[in-house]
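Please keep the sequence and the structure in view while reading.

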Amino acid sequence: MNWTWLHKFASPPHAYRLAGRLAPWFGWPAFLLIVAGLYGGLVLAPADYQQGDGFRILYVHAPSAWMSMFIYATMSVAAAIGLIWRIKLAHAVAAASAPVGAWFTFVALTTGAVWGKPMWGTWWVWDARLTSELILLFLYVGLIALRASIDDRDRADRASAVLAIVGVVNLPIIHYSVYWWNTLHQGATITKLGKPSITGEMLWPLLTMIVAFTLYYGGVLMLRLRAEILRRERDASWLQKELAA
Amino acid sequence: MERTSPAAAAMLMYRRDLLLAFRHWDQVAQPVVFFAMVTTLFPLALSPELGELRQLAGGVLWVAALLAALLGLEFLFRADHADGTLEQMLLSGQPLALLAVAKGAAHWTVCGLPLVLVSPLFAISLGVPTGALCTVMLSLALGTGILSALGAIGAALTLGLRRGSMLLSLLVLPLAMPALIFGARAIDMAIEGEAARGPLLLLAAMLVLVLTLAPLAVGSALRISAE
């Protein structure tokens, strides 16, 4: 079987052009869906009978929390592909993803804090979900710091890949141990939303926002990937021609 | 020429590392002194009341032990990297993962084991009842083992980097948090007179898991760092 079509994706010139072409196809739908989702969430959806209008931060909070984990998974898969098959472009994808993921984690934590203040009466509780999200932020920061402190690009790529894989093996352990810790220590002083059966009017904007955030990540990834390729291939002759054209 | 078997090579590596470590007694003593200092800080900062300290003892002992064991990790591969021994290890044809296990075991013997041995002394000073001392030692023995294995990954990745020690703690501490949770909990349960079997078994399971997987990660990280 002929695999050249597949190998083309790993070549920087092809990926550079493809990413440039794909970026608007991610970006515009993301923009439109965010507008639609925010309108649905902030205007159309009814106020919650317990939380009033405060619950509306959900439409930013939950998609961010989803993205923080989705991006970590994407990044680790890319890192593993780069490590196993020595595909430099996969490392570039991982490098471009990490700061976006860290930022989404940070957004999820801050929106959670803002939400927690009126609902639970405090900015922060040592709840299991909050704590594992915080540890996820530490893992992201560690990855970014490791990459930043290694000058040699090849070594930085592969070392970050090993760390990303170690992190992904550890994430479930961290997640469940934190749950176990919390259930023993706190009991039910704070009942989470506890999966209330959410009405359709509240649900569709949430799903729209989740899809929109995922598309947004796709668009930003394409732009960041192009920047990453520019940085890595700055001495390559194809790039000189591409930029001159 | 006869070829050294992998097991023999690992044993040689272990004995060599111990010999080198005990040539520098100050380095062996440092983690213990650090552990003593940190556990002393807590009563000064919180309260001299034994009843209050007892409730915090599990956490205090574990945090102090984590930080003390972290101190020595930075030096795990550094000297070998600096004088070229690491390259010889890579070229020797011996399985790198096994050599990493030997080095990790030597590190634990020098850094972790002394902490475990002195821990009852500090546990008593924090008001831990004598019945719980066994659990204290066991949970710290398992926990420092986990930290040595996880820390070896971090040490291999940050080998030869500027400000590697800060980075090392940033990489290793989040990964060690599950061990901290179960370890401190085991001590708490023992202090309250409950059977601490559950968290101890979970700690042991974690140790088995990291002992299985970490050497592979250390091996590939060493290859990446030494190139």
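## Contacts of one residue in chain A

Two residues are taken to be in contact if their C-beta atoms, placed from the backbone, lie within 7 Å. By that criterion, and leaving aside residues up to four places away in sequence, A:I81 touches A:I87 and A:A90. The model in which these contacts occur is a predicted one.

A:I81 belongs to helix α3 of chain A, which covers residues 58–85.

## Confidence of the prediction

The model as a whole scores an ipTM of 0.87 and a pTM of 0.88. For chain B the average pLDDT is 89, and 99% of its residues score at least 70. Among the elements of chain B, the highest mean pLDDT, 93, is found for α7(B), and the lowest, 86, for helix α4 of chain B, residues 78–83.

## Where chain B meets chain A

In the contact between the two chains, 22 residues of chain B are in contact with 23 residues of chain A. On the side of chain B that touches chain A, α7 (133–157), α8 (164–191) and α9 (197–226) of chain B each supply at least two residues. Of the elements of chain B, α8(B) gives the most to this side, with 10 residues. By residue type, the side of chain B that touches chain A divides into 16 nonpolar, 2 polar and 4 charged residues.

## Packing of α6 against α7 in chain B

Two packed helices are described by the angle between their axes and the distance between the axes. The axes of helix α6 of chain B (residues 96–125) and of α7(B) come within 8 Å and cross at roughly 150 degrees, which makes α6(B) roughly antiparallel to α7(B), since angles over 145 degrees count as such. The crossing of these two helices, α6(B) and α7(B), is right-handed.

The residues that α6(B) brings to this contact include B:G104, B:W108, B:G112 and B:L115, while those from α7(B) include B:L140, B:A141, B:T144 and B:G145. Taken together, the residues of the contact of α6(B) with α7(B) divide into 13 nonpolar, 7 polar and no charged.

B:I124 is also found in helix α6 of chain B. B:I124 counts as partly exposed because it has 16 C-beta neighbours inside 10 Å. Although B:I124 and B:L50 are 74 residues apart along the chain, their C-alpha atoms are separated by 9.7 Å.

## Packing of α3 against α8 in chain B

Helix α3 of chain B (residues 50–73) and α8(B) have axes that come within 9 Å and cross at roughly 150 degrees; α3(B) and α8(B) are therefore roughly antiparallel to each other. The crossing in which α3(B) passes α8(B) is right-handed.

Among the residues that meet here are B:R54, B:L61, B:W62 and B:L66 from α3(B), and B:L168, B:V172, B:L180 and B:D188 from α8(B). The residues of the contact of α3(B) with α8(B) divide into 13 nonpolar, 4 polar and 2 charged.

Key:
Residues numbered from 1 in each chain as written. Chains lettered and ligands numbered in written order. Predicted model: local features only at pLDDT ≥ 70, side-chain atom pairs only at ≥ 80, totals over all residues. Helix = DSSP H or I, 4+ residues; strand = E, 2+ residues; numbered from the N terminus. Nonpolar A, V, L, I, M, F, W, Y, C, P; charged D, E, K, R; others polar. pLDDT = per-residue confidence, 0-100. Axes fitted to C-alpha atoms, helices over the stretch in contact; angles between N-to-C directions. Parallel < 35°, antiparallel > 145°, perpendicular 65-115°, else oblique. Left-handed = near helix turned anticlockwise from the far one by under 90°. Buried ≥ 20, exposed ≤ 12 C-beta atoms within 10 Å, placed from the backbone.
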